Amino acid sequence: MSSSNIRDILTSFSPSLDFFAISTGDGRIKIWDTVKGQVQTEFADISSNDTDNFFAKPESKHLSMDYKCMKWLSLDKKKKRKLGTSLLVLGTGSGDVLALDVAAGQLKWRVNDCHPGGVNAIAFPADASCIYTAGADGMVCELDSTSGNLVTKFRASSKAISSISVSSDGKTIATAAAQLKILSCSNYKKLQKFSGHPGAVRCMIFSEDGGFVLSSSVGERYIAIWRIDGSKKQSACCFLAMDHPAVFLDSRSIATEDLNNPGLCVLAISEMGVCYFWHGKSVEELQNSKPTKICISFDDKMLKKHKGALPNIFAAKLQTVAKPALGHVLLAYGLLVKPSFEKIVVQSGTDLKLSSSLNGILLPISQSDKSKKVPDLQRRITALDRASAEEALLPMPKILSLVDKKGVGRPLVSKDNEEEVDIDDATFSMEDRLRSLGILDDGDRFTPSSVNDSTALKGISLAATTPKKKMKATIVSLDSVEAYDLLKVLVAGWLSRSFTAEYVLPWIGCILVNHNDYILSQEPETQLLDSLYKLSKSKEAAINQLLQLSGRLQLVTAQIDRATNNKSQAVSHEEQQDESEDEDVDDVLYGVDEESEIDSDSDD
């Protein structure tokens, strides 16, 4: 049996559980209706508010948008989706925080450069009065939920914060960095600290009553439970073992006769798409209880047909807990392209296997489900082709075959989408484009030998980076005429691509600063500055396309690597799972035997 790894997937249920958001790493965010099982909204192209930044790409931004965390909040307690009340808040790897108005289908607000180095976590209290964000800079920002305005910002750690959580009453906040800290939301002072995890914390939540914090770290096959009582004890009070590291946590409190020691129900999802459920009337009973496992069952035919893209559980929500030891859970499972949603009742101690079939799943075009004798029209499934699945708004590239029977190049287009192709429309080089814009003249053709001549370059070297002091001393030693001639050579070399911009631009800038009076006196006869300005603007326009291409290449490379890993896991996972059932979990539980009386405010 095999399963795909879901650690790179971002998911979030709406507070009313009637909608489900998912992002699979390509920058697209799909909103699914959990009742109808249909796509309600899709966010693909999110424009930037920074119109002055030429690095902002005008189209197809989703291919290079790097989302790190996602949370769904509602500003209205009613289930009706009013405009501006249902917000999907996301943090990006570039440090921005975005809020998407799901009902309106548009961007509501955006905070640029909120956390330099990337936003790692988002949290908010039950009333959604504010939003807390944390990132690689060790800072915690409090944002207004409605407008996105920064309310306050404070340093919670000298190291990167990997996860944060806020209690349901909004009075305390937990941060996970080198240590796990409990802070007051009123004055941001430390109330309690724990030893934490040796690795980065992936998921962390408060219990429903705010008396415990549950956390799980990358690479650790257990969940740590920390008691919040204001004491100086730094170790965890309970550990829940798993076969694989957790990617999602949820919990509910259980009312007991002992008010100081309430029970807990814990729900977790592992990296391999298996759901775990624990139930205990006390922390001690919870640690000694055996987890209930919920997984997807499938046959060998599905294993062969999907080639690594196997169905599993990738999201869950623990709704209510009933007696005796019953949990009502909403699951999102199946394939990422067509998830299924189901509410189940989990009995503690009874494992469940959800059935999964080819029915209701988008299949490749070459596959069909012939398990049932139904008319072809009922079994027919339309799979998205390449033009519809990726870059639907952009024209498909025209690919020419070698030659047809008559020896003439022909475009490869389908009969249903035939269009005339002008074969003479060739791609212009940068030099041809500059000449068509009037930036280059025919008289500006510099041969490599003339451009690289040491006499014309005044003896300077453009093969490596020159220190600023040496560069300035060389330029200042030249008279204005020699500096102006050198500027012509440098600009011409940049135009002809004989010089690398990394090395030639500092010299051009140094000449403009130290000999600006003479250079301005030569304009507009020579029009050198005008040519330099036009060239800079053309390079600026090219950067947008290069950044877009870079994002696409990174996305394709990541998807290829992920598919390769999935194929290798599909072969070896069955043997590993059989072995994991027999072996005991011998992970070193970090901090279980460590109790310290030291109360320090530093993370080191």
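I take buried to mean under 20% relative accessible area, exposed over 50% and partly exposed in between, with a 1.4 Å probe and protein chains only.

**Entry 1: ground rules.** I am reading a predicted model, in which local features need pLDDT of at least 70, side-chain atom pairs count only at pLDDT 80 or more, and totals for chains, interfaces and linings use all residues. Residues are numbered from 1 along each chain as its sequence is written, and side-chain values use heavy atoms, with hydrogens and water left out.

**Entry 2: Thr41.** I looked up Thr41 and found it buried, at a relative accessible area of 16%. Thr41 belongs to strand β4, residues 38-43; strands (E, at least two residues) and helices (H or I, at least four) are DSSP runs numbered from the N terminus. I then listed its contacts, where contact means heavy atoms within 4.5 Å. Leaving out residues up to four places away in sequence, Thr41 touches Ile29, Lys30, Ile31, Val102 and Gly105. Gly105 lies 64 residues from Thr41 in sequence, and their C-alpha atoms are 6.9 Å apart.

**Entry 3: the whole chain.** I noted eleven helices and 28 strands in the protein chain. Of its 604 residues, 43% are buried. Among contacts between residues at least 6 apart in sequence, 50% join residues at least 24 apart.

**Entry 4: positive phi.** Most residues other than glycine have a negative phi. I looked up two residues that are not glycine and have a positive phi: Leu17, at about 65°, and Ala128, at about 55°. Leu17 sits in the loop between β1 (10-13) and β2, and counts as buried at 14% relative accessibility. Ala128 sits in the loop between β9 (119-123) and β10 (130-135), and is buried with a relative accessible area of 4%.

**Entry 5: cores.** A nonpolar core here is a set of buried Ala, Val, Leu, Ile, Met, Phe, Trp, Tyr and Cys residues joined through side-chain atoms within 4.5 Å. The largest has 32 residues, and Phe13, Phe20, Ile294, Ile313, Val329, Leu331 and Leu354 touch the most other members. Elements giving two or more residues to this core include β2 (19-23), β21 (246-254) and β26 (326-335). A second, separate core of 25 residues includes Ile460, Ile475, Ala483 and Ile508.

**Entry 6: helices around α9.** Axes are lines fitted to C-alpha atoms, for helices over the stretch in contact, and angles run from 0 to 180 degrees between N-to-C directions. Helix α7 (residues 468-477) packs on α9 (residues 501-514) at about 50°, with axes 10 Å apart. That makes α7 oblique to α9; under 35 degrees counts as roughly parallel, over 145 as roughly antiparallel, 65 to 115 as roughly perpendicular and the rest as oblique. Residues meeting there include Met471 and Ile475 in α7, and Trp507 and Ile511 in α9. By class, this contact has seven nonpolar, two polar and one charged residues; Ala, Val, Leu, Ile, Met, Phe, Trp, Tyr, Cys and Pro count as nonpolar, Asp, Glu, Lys and Arg as charged, and the others, Gly among them, as polar.

I turned to α8 (residues 480-495), whose axis comes within 10 Å of that of α9 and crosses at roughly 150°. α8 and α9 are therefore roughly antiparallel. Among the residues that meet are Leu486 and Trp494 in α8, and Val504 and Ile508 in α9.
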